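Subject: Structure handover

Hello,

Here is the structure I said I would pass on. Please open it alongside this message; my notes follow below.

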Amino acid sequence: MDQPRPLSRSLLAVVVPVAALAGAFPALAETAYQTPPQALVDIVDAPLTPDVMIAPGGDLLLLLEPRSLPSIAELAAPELRLAGLRFNPRTDGPSRSWPAVAMNLVEVGSGAERPVSGLPQAPRIDAPSFSPDGAHVAFAHTDVERGVIELWVLQVAEGEARRVLERPLHRVVRRPLAWVDDHTLMVTLVPADRGPAPPPPRVPAGPVIRQNLGETSPARTYQDLLENAHDEALFAHHLRSQLALVDLDGEVTPIGDPALVWSYEPSPDGRYAVVETLHRPFSYLVPASRFPRRIEIVDRAGDRVRLIADLPLQEGVPTTFGSVPTGPRSVTWRGDAGATLAWVEALDGGDAGVEAEERDRLFLLPAPFAGEPRPWIKLAHRLSSVYWGRDDLALVASWWWKTRNVRLLRASPGAPEQAPETLVDRSWEDRYNDPGTPVTVANAGGRQVLLADGDAIYMIGEGASPEGNRPFLDLFDLRSKTTRRLFRSAAPYYERPILPLDAAAAQLLTRRESVDEPPNYFLRPLAGGEPRQLTFFPHPTPQLKGIRKELLRYRRDDGVELTATLYLPPGYSPEQGPLPTLLWAYPREYKSAAAAGQVDDSPYRFDRIGWWSPLVWLTQGYAVLDDPKMPIVGEGDEEPNDTFRRQLVASAKAAVDEVVRRGVAKPGHIAIAGHSYGAFMTANLLAHSDLFAAGIARSGAYNRTLTPFGFQSEERTFWQAPEVYFAMSPFMHVDKIDEPILLIHGEADNNSGTFPIQSERFYNALKGHGAIARLVMLPYESHGYRARESNLHVLWETYNWLETYVRKDLSTGRPPQVEADAVRGEER
């Protein structure tokens, strides 16, 4: 079992050379968390904007106030990491969630806001879900002191919350709270007969043995896998749960016996449920989502109505993008019918690497589930999703990686023999011609179905264009395949349609924002007139009002069009001279150079600046070039990564040349930084160019031989393209890195491929070649950092790195006063 490393481990690794950092960083023995300048602390502690849920019918908004960052003590709470899952064994729930701490209701008609009373003390609200009639909201509350997760319900009309059930919920697998009808929920409970967890053996019974007898089983690099028999026992103990019905009075009706319940979904008419349960043999190679499972239909008493499939262990799924397990998958209910089950099965053996004219086929099985499933439609691509509407209307979306193609078909589930009709057939890379996504609304059973006006449906899209994103609402005629635009966002706002409030779309709920105005919800009459504001969320960081934001367009030396967003501190003017500059980027692969050059942002969006954002450095007088495009293009039969390094350096050079040309930046005072694949990019740019004064790489992977069965968008294995893996791995070129690099990594990183050892080994190689490098390992942190102490320390490290190696003697943009303890660090 993968246990967290003890907190006593040194937070800071060796610094090379030490003399270069004297005064800016603490000595190796000093391991306390540090605090950055107060302006950065204020941003970390700024309140988060509430999340919004829309009630069925659209007449009510539920505002959920998120909690602030947890403490490192909370991250140090018990956590098990088994079969790709992470959970708290004390609460039988998620160990890394973002619960809400308060609720409020907003009436769309009047705009009146109502508080919610009766919430538990110190609420930790998770998984809120409206009942089909919108009269109640069910939610889970984690009682930290008791170590249990409770079922609560909000009575919407009264605005009062109450506990429904004392018996603890089981939420090791983060399933939703499923409404069966307006008064009944389907949940999983901690089994009443469960005893203590199996203790680890004091003495091993023998070695751990893995064996393969010639079966081809390639697998990507997964984290948190089972490792031994005790892990298997723990997994089976903690995943076992009791499926049950619970009414609003707290009456519990068990459904069958306790089992390793993986997923469940009640039928729209509430008479049945499709339940997936896991069983042995477990695997040490793949996560629980690939374990053997039974898929069956049960009635409300838990009696089996029909076995759909008993799927074997799926260790042999090919790594080619688009490959899938064999047998039924995406098993779900048809949302517009009482009890009709739908699923898809691969026609190509699940192997996207083989030639095949047809890839997937959908099946339907209506109640009473007798006889053979009814074959529905065949797809040339992989199924993406189904939008249910009525007997003569369902939309089936599919995709194919090799061609970057997406299709949208119209089909008739009530007449499976009727051939589908293609509505959309395009490249998903071409954002300018994206017709949008079909709009769905909750029907009387609480299921999402198409919002249709006769033979027309509504489409909401991002509206990418050369002048930036301008979201839209269209009415799409299914017969003529023509559209009528009902709304499009206009400057100086970025306004996104959320939901038409009726089939005629007389009123539209939108979310509007601008550069200095945070997103808020509005009710907009489409026939004309001014929109009415419904929420009034304040600017979370008013001290950053007035930042300058500009969408830049420039060109790479091979002609590829590029874009980036330039941010300048409030009050800055070019006459002041160049600023120390930070480039924050993330490379992406494309099959089309034209698509790579398309604009995919808006100059009118509000930027929520928090601990995660590179824009925090505006407070310290830095210019920030955010998301300068780093496209890696491979058109036709060319693989993008065959020329990764050349294209990456060319894109970075074009970005640097542009900000220098504008007089904003100065060579020798520009840093490159990124997270995950952006960290990988940072190390590569330091190894293969001299464009930057320093680099900051967070949670990256630097040796691609440790991800030998593919990574990011690379399908080929190490043995198929060893020269590509070698060329792209900065670990193999560490001797060329002669600029200072700051490495930061969470000790509990569970992202595929970014094992913490990636940064540790990379740092050792840097040190062995005399580089200026610093490694910071964050206790208990995963791929993204959550604890307040961790995030403040990351900002402190970054601040000192930028000041020491990027700003240096450049005085332009320096804040008028920097407290001395911010530089040397303040113990926390």
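Leaving aside neighbours within four places in sequence, Leu243 is in contact with Met186, Val187, Thr188, Pro254, Ile255, Tyr264 and Val275, where contact means heavy atoms within 4.5 Å. Leu243 belongs to strand S14 (residues 242-247); helices (H or I, at least four residues) and strands (E, at least two) are DSSP runs, numbered from the N terminus. With a relative accessibility of 4%, Leu243 counts as buried. The cut-offs are under 20% relative accessible area for buried, over 50% for exposed, and partly exposed in between (1.4 Å probe, protein chains only). From Leu243 to Met728 the separation is 485 residues in sequence and 48 Å in space, C-alpha to C-alpha.

This is a predicted model, in which local features need pLDDT of at least 70 and side-chain atom pairs count only at pLDDT 80 or more, while totals for chains, interfaces and linings use all residues. Residues are numbered from 1 along each chain as its sequence is written, and side-chain values use heavy atoms, with hydrogens and water left out.

Next, the aromatic rings. The structure holds 22 aromatic pairs. Rings of Phe, Tyr and Trp (its six-membered ring) pair if their centres lie within 6.5 Å; planes under 30 degrees apart count as stacked, over 60 as edge-to-face and the rest as tilted. Phe709 and Trp719 form a tilted pair, because their ring centres are 5.3 Å apart and their planes stand at 50°. Both residues lie in the loop between strand S46 (694-698) and helix H7 (722-728), so the pair ties together parts that are 10 residues apart in sequence. Phe709 is partly exposed at 25% relative accessibility, and Trp719 is exposed at 56%. Phe718 and Tyr725 are edge-to-face, since their ring centres are 5.6 Å apart and their planes are at 80°. Phe718 is partly exposed at 23%, whereas Tyr725 is buried at 0%. Ring pairs link Phe709, Phe711, Phe718, Trp719 and Tyr725 into a cluster.

Gln712 is also found in the loop between S46 and H7. Gln712 has a positive phi of about 45° although it is not a glycine, and with a relative accessible area of 33% it is partly exposed. Asp92 has a positive phi too, near 55°. Asp92 sits in the loop between strand S4 (85-88) and strand S5 (93-94) and is buried, at 4%.

- Arg280 to Pro281, with omega about 5°; Pro281 is in the loop between strand S17 (272-278) and strand S18 (293-299).
- Ala491 to Pro492, with omega about 5°; Pro492 is in the loop between strand S34 (482-488) and strand S35 (494-500).

For background, most residues other than glycine have a negative phi, and most peptide bonds are trans.

Last, a helix pair. The axes of helix H5 (residues 644-661) and helix H6 (residues 677-688) come within 10 Å and cross at roughly 85°. Axes are lines fitted to C-alpha atoms, for helices over the stretch in contact, and angles run from 0 to 180 degrees between N-to-C directions. H5 is therefore roughly perpendicular to H6 (65 to 115 degrees; under 35 is roughly parallel, over 145 roughly antiparallel, the rest oblique). Phe644, Arg645, Leu648, Val649 and Ala652 in H5 meet Tyr677, Phe680, Met681, Asn684, Leu685 and His688 in H6.

Regards
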